[in-house]
Amino acid sequence: MTILKHEMRQGRNSLIIWTAVIAFMLGVCILIYPEMSKQMDGIGEAFANMGGFSAAFGMDKINFGEFIGFFGVECGNVLGLGGAFFAALTGISALFKEEREHTAEFLLTHPVSRQSVIAQKLFSVIVQIIILNAASVGVTALSAIIIGESPETKPIALMFAAYLIMQIEIAAICFGLSAFIGRGGLGLGLGLAAAFYFLNIIANLTESAEFLKYITPFGYTDSADIIADGQIEIKYLAVGIVMTVIGIGAAFWKYGQKDIS
């Protein structure tokens, strides 16, 4: 558990900053809803009829003028994209930073197996993601109470669950990649998260590109689909779980036999 505690201490500042920023933006989005709702007459319908733009963000399936629709589009993008970037950065740096910072020699000469090192680092990544999401849930609940909104619990809970799983999947994929690289991985992690986000937008624009939802973790986090269907799309989620397992397995396999430079 020593490595886990060290990883948590080392990532504390980053976790605090990302959590504070995402939670603040979520809170602001929710707190401005009452003011925006006064000007929403006709806006929701207008957004729903903007063709490709509406389809890209799911506004053709939900009422943007209602709180749940507003939350799904605006707040969902904040937590979805912000959480994905945090997960990617945390996952991609977990293993390769030991070579980048020249601390691998010190760490791996201790009487602890590489499998234990990998497991504790992975657990620290997951714990940080859970903390970020727990704070986001708390701020969302508090902000909703302040403005007097009491949305349905099920779609909100499903959205948060989908975002949490998506972030863990991205972190696992980046964690696996982290075992293969020695430096320069931060840009790769951010680029991968951004690519996943835009692949989902492309998939929403046309049915011919819908297969991309099997590739991107954002495929099962579409708030519009979750609100409209009342469930997370299982076929996309199943692929995401497989990718998570592959990412973690790749990390254990590669780092377990890697020659540390």
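Guide: Helices here are DSSP runs of H or I with at least four residues, strands are runs of E with at least two, and both are numbered from the N terminus; Met 25, for instance, is found in helix H2. The model is predicted, and in it local features need pLDDT of at least 70 and side-chain atom pairs count only at pLDDT 80 or more, whereas totals for chains, interfaces and linings use all residues. Residues are numbered from 1 along each chain as its sequence is written, and side-chain values use heavy atoms, with hydrogens and water left out.

Visitor: Why is Met 25 called partly exposed?
Guide: Buried means under 20% relative accessible area, exposed means over 50%, and partly exposed lies in between, with a 1.4 Å probe and protein chains only. Met 25 has a relative accessible area of 39%, so it is partly exposed.

Visitor: What makes the nonpolar surface patch, and which helix gives the largest share?
Guide: Helix H2 (residues 12–31) supplies the largest share, five residues.

Visitor: What makes a set of residues a nonpolar core, and which residues have the most contacts inside the largest one?
Guide: The members are buried Ala, Val, Leu, Ile, Met, Phe, Trp, Tyr and Cys residues joined through side-chain atoms within 4.5 Å. The largest such core has 53 residues, and those with the most contacts inside it are Phe 71 and Ile 170. Helix H6 (67–100) is among the elements that give two or more residues to this core, and H6 gives the most, with 15 residues. With contact meaning heavy atoms within 4.5 Å, and leaving aside neighbours within four places in sequence, Phe 71 is in contact with Ile 30, Gly 76, Thr 140, Ile 156, Met 159 and Phe 160.

Visitor: How do you know whether Ser 143 is buried or exposed?
Guide: Ser 143, whose place is in helix H8, has a relative accessible area of 5%, which is under the limit for buried, and therefore it counts as buried. Not counting residues up to four places away in sequence, Ser 143 touches Gly 27, Ile 30 and Leu 31.

Visitor: Why does Gly 189 count as buried?
Guide: Gly 189 counts as buried because its relative accessibility is 0%. Gly 189 is found in helix H10 and, neighbours within four places in sequence aside, is in contact with Ala 88, Ile 92 and Cys 174.

Visitor: Why is the pairing of Asp 222 with Lys 213 called a salt bridge?
Guide: The term requires a side-chain nitrogen of Lys or Arg within 4 Å of a carboxyl oxygen of Asp or Glu. The closest N and O atoms of Lys 213 and Asp 222 are 2.6 Å apart, so the pair meets the rule, and the count by this rule comes to one salt bridge. Both partners count as buried, Asp 222 at 13% relative accessibility and Lys 213 with a relative accessible area of 4%.
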